[in-house]
Amino acid sequence: MLENIAALLEEVNQFSSSNKDEIEKFRLKFNGKKGILNDLFEEFKKVPNEHKKEAGQKVNALKQSFQQKLDNLKNSTKTEQIFEKEDFTKPGFPLELGTRHPISLVKNRIIDIFKSIGFAVADGPEIEDDWHNFTALNLPEYHPARDMQDTFFIEKDPDVLLRTHTSSVQIRYMEENEPPIRILAPGRVFRNEAISSRSHCIFHQIEGLYIDKNVSYADLKQTLQFFTTELFGKSKIRLRPSYFPFTEPSAEVDVYWGLNSETDYRITKGTGWLEIMGCGMVDPAVLQNVNINPDEFSGFAFGMGIERIVMLLHQMGDIRMFFENDKRMLEQFKSL
Ligand code: DAH
């Protein structure tokens, strides 16, 4: 019997085929009802006790080898079937290339413009405390101007909140650095606003800050004029008196867009002028809050909403589109 098993083991090991019928025949020969393995188990019962151990091991080894061989053959025929069905010479599916978001594109353009006149980029946290977002910016508690910037509070007393503007980065930067300071702070900001085509509870701003000796309002106007010429190709601007607690005097910047097309009439409401940002001379009280001597230093600041600029540049009518991640909208910016 043992010699017989050795020969059968050899047969199993030698067997190879990719033909389904042959593999089935091989299976039946060994493992069918009247197959070799069953015969061997019958024969095994008659083996004298002293040889049972050795014979048992051999039969089991044969069974295992057979099973393994069968599994292997089945697996390889499966792969072959796939190869037969699929056309592997077909071109593959292209991986889609991503595009930069229009907000990033415009943000980078604005950064490049200001970099060319010596502004560096600064960063600050989106979760702020009351001091950096309000109090140090001359917006004390109960100041009515706080109402315009209602936000999301994470904790109360002491207040921890989502920053309502990037002006908070001014404070952080001035606390850590001595003048001369020339920074640009882009980032995400949050306000408790009803969402509509014109306003959203999340948006982006870019803040600018310049502090040095003898910085004047003329410097502010000249800098903004350079910026609007570079970004929009429009150099006619006006500074309309306004109010911000952290600047004195304060102004809104309007760009003369012109009235050359129907769109110009629509977006400027027939005036030809478009408001693009807020600005002003940094209030001496703000400088004092960050231990900069207002008698020695002065400076200007400005802040603009990036979405608004993108909407102007690309004639987009709804701010919600920036956050919907609709690829049909985003892909239009592929070539920029
Ligand atoms: N922080 C203001 C806002 O969110 C924008 C702003 C206005 C920033 C005037 C400035 C500034 O730095 O000087 O509405």
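**Entry 1: the ligand site**

I note here that the model is a predicted one.

Next I looked for side-chain atoms facing oxygen atoms of the ligand. For arginine 191, I found a side-chain N or O atom 2.8 Å from a ligand oxygen. For glutamine 205, the distance from a side-chain N or O atom to a ligand oxygen is 2.9 Å. Glutamine 170 has a polar side-chain atom 3.2 Å from an oxygen of the ligand.

**Entry 2: helix 1 and helix 2**

I then turned to helix 1, residues 2–14, and helix 2, residues 20–31. Their axes cross at roughly 160° and come within 12 Å. Angles over 145 degrees count as roughly antiparallel, so I wrote this pair down as roughly antiparallel. The crossing is left-handed.

I listed the residues that meet: Leu8, Glu11 and Val12 from helix 1, and Phe26, Lys29 and Phe30 from helix 2. I sorted this contact into four nonpolar residues, two charged and no polar.

**Entry 3: helix 5 and helix 8**

Last, I checked helix 5 (residues 102–115) against helix 8 (residues 217–232). Their axes are 10 Å apart, and the packing angle is about 135°. I therefore recorded the two helices as oblique to each other. Helix 5 passes helix 8 in a right-handed crossing.

On the helix 5 side, I found Arg109, Ile110, Ile113 and Phe114 making the contact. On the helix 8 side, Thr223, Phe226, Phe227, Glu230 and Leu231 take part. My sorting of this contact gave six nonpolar residues, one polar and two charged.

How values were computed: Residues are numbered from 1 along each chain as its sequence is written. This is a predicted model: local features need pLDDT of at least 70, side-chain atom pairs count only at pLDDT 80 or more; totals for chains, interfaces and linings use all residues. Side-chain values use heavy atoms; hydrogens and water are left out. Axes are lines fitted to C-alpha atoms, for helices over the stretch in contact, and angles run from 0 to 180 degrees between N-to-C directions. Helices (H or I, at least four residues) and strands (E, at least two) are DSSP runs, numbered from the N terminus. Angles under 35 degrees count as roughly parallel, over 145 as roughly antiparallel, 65 to 115 as roughly perpendicular and the rest as oblique. A crossing is left-handed if the near helix is turned anticlockwise from the far one by less than a right angle, and right-handed if clockwise. Contact means heavy atoms within 4.5 Å. Ala, Val, Leu, Ile, Met, Phe, Trp, Tyr, Cys and Pro count as nonpolar, Asp, Glu, Lys and Arg as charged, and the others, Gly among them, as polar. A polar contact is a pair of N or O atoms within 3.5 Å; within protein, one must be able to donate a hydrogen and the other to accept it, and residues adjacent in sequence count only if both atoms are side-chain atoms.
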